[in-house]
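Have a look at the model first.

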Amino acid sequence: MTGKERREQLLDVSRALFAEKGFDATSIEEIAHRASVSKPVVYEHFGGKEGIYAVVVDREMQRLMDQIITALDDGSHPRELLEQAACALLDYIEGSTDGFRILVRDSPVASSSGTFSSLLNDIASQVEHILGLHFAKQGYDRKLAALYAQALVGMVALTGQWWLEARKPKKDEVAAHLVNLAWNGLSAIEHKPKLRSRPSS
């Protein structure tokens, strides 16, 4: 096995273990054992468990971000963009279940730019740009696009975490319901919403 092939093998083995057990419960010994190498080989390639974990997380974040950005880069009608973004996240969960499990776990070693929360913020920024254009055309306050982007991305991400385990209903049906709630809510959006259960201050 070449050095590059060995590195990829160690990443694949580690990814499966981190998804199955989490960061804390995975040891270098177990990674080495599953890869049929000695511990020094793992240390030589990654310097330790934190190093290999960081590479696994970075790869997963990039894979998911690429799928979401591709979905949002179409220039279609805003509802279609919403559908494509919801489907992209659910496609990733279905096709990279281990990767998504790793991303949604809290990591003791993730940097501020290497957490699921920061990834969602990056996605929300893309959505904010699209919503901002839509809001401006409809005469709404464009500054509120950030708030709505966070709400939409959070709704899809949390539903995705639930669907990771439930897997029912089918993926496209989940996406359709998410878009139904988000779009039909947005289509009747009020310019200056007020809470009805509290007196105005």
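## Ground rules

Buried here means under 20% relative accessible area, exposed over 50%, and partly exposed in between (1.4 Å probe, protein chains only). This is a predicted model, where local features need pLDDT of at least 70, side-chain atom pairs count only at pLDDT 80 or more, and totals for chains, interfaces and linings use all residues. Numbering runs from 1 along each chain as its sequence is written, and side-chain values use heavy atoms, with hydrogens and water left out.

## The H8–H9 loop

Helices are DSSP runs (H or I, at least four residues), numbered from the N terminus. Between helix H8 (145-166) and helix H9 (171-187) sits a loop that holds Pro-169, and the peptide bond from Lys-168 to Pro-169 is cis, with omega near -5 degrees.

Arg-167 is in the loop between H8 and H9 too. Arg-167 isn't a glycine, yet its phi is positive, about 55 degrees. With a relative accessible area of 31%, Arg-167 is partly exposed.

## Another positive phi

Ser-36 also has a positive phi, near 60 degrees, without being a glycine. You'll find Ser-36 in the loop between helix H2 (28-35) and helix H3 (39-46). Is Ser-36 buried or exposed? Exposed, at 65% relative accessibility.

Definitions and conventions. Helix = DSSP H or I, 4+ residues; strand = E, 2+ residues; numbered from the N terminus.
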